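Biologist: Hey, can you walk me through this one? I'd like to start with the sheet.

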Amino acid sequence: MALNKVKINSDIELKDRLVAINRVTKVTKGGRAFTFSAIVVVGNENGIIGWGLGKAGEVTAAIAKGVEAAKKNLVRVPVVKGTVPHEASAHFGGAEVLIMPASAGTGVVAGGAMRAVLDSVGVKDVLAKSKGSSNPHNLVKATIAALSEMRDAKAVAAQRGISLEKVFRG
């Protein structure tokens with residue numbers, strides 16, 4: 001299934017969230033060289049999400065590079081009444097995620113990296129489960145893969161070439 005890629009406009013206001021920072025040590029002849037890698041999620045909290053990885057000698061520079069990379073990697077996700085339209089699961093590397101819609105007032109029941117992604121996309125009520133690896137890089141990628149598989153009823157009706165009422169009647 002093709003991803004719903006989004007071209008960035010100047011009128012889209014994206015908020016960035018830092019998911020994880022890693023300190024990487026390279027041992028050289030002259031001693032230890034420290035660099036930082038940062039995985040960042042950006043979203044407008046209204047259905048647009050992207051992730052990026054930045055690496056630099058300083059934390060702030062790594063975060064800035066991650067934000068710029070995330071802005072080049074945006075995906076549109078359908079959000080229906082503050083939740084996801086249907087169940088979805090995906091895996092990336094050793095991480096596997098399961099995302100389910102929830103009734104109003106439930107909140108975001110997700111941990112760590114998944115919570116940052118779901119908050120950035122604008123989902124208010126969702127049940128999410130992470131299975132397998134808890135590596136934040138793979139969790140972010142698996143969560144965005146699951147969200148990009150989501151389709152709302154209008155998209156299903158358009159794809160099938162039928163009316164919106166027939167989608168619900170079966």
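**Sheet, cores and salt bridges**

Modeller: Strands (E, at least two residues) and helices (H or I, at least four) are DSSP runs, numbered from the N terminus, and two strands pair if DSSP finds at least two bridges between them. This is a predicted model, where local features need pLDDT of at least 70 and side-chain atom pairs count only at pLDDT 80 or more, while totals for chains, interfaces and linings use all residues. Residues are numbered from 1 along each chain as its sequence is written, and side-chain values use heavy atoms, with hydrogens and water left out.

Biologist: New topic: which residues touch the most other members in the largest nonpolar core?

Modeller: I49, I99 and L147, out of 29 residues in that core. A nonpolar core is a set of buried Ala, Val, Leu, Ile, Met, Phe, Trp, Tyr and Cys residues joined through side-chain atoms within 4.5 Å. Buried means under 20% relative accessible area, exposed over 50%, and partly exposed in between (1.4 Å probe, protein chains only). α3 gives the most to this core, with 6 residues.

Biologist: How many salt bridges does the structure hold?

Modeller: It holds 2; a salt bridge is a side-chain nitrogen of Lys or Arg within 4 Å of a carboxyl oxygen of Asp or Glu. K15 pairs with E45, the closest N and O atoms being 3.4 Å apart. K15 lies in strand β1 (residues 15-28) and E45 in the loop between β2 (31-43) and β3 (48-56), so the pair ties together parts 30 residues apart in sequence.

Biologist: What about R17?

Modeller: R17 also forms a salt bridge with E45, at 2.8 Å between the closest N and O atoms.

Biologist: Is R17 buried or partly exposed?

Modeller: Partly exposed, with a relative accessible area of 28%.
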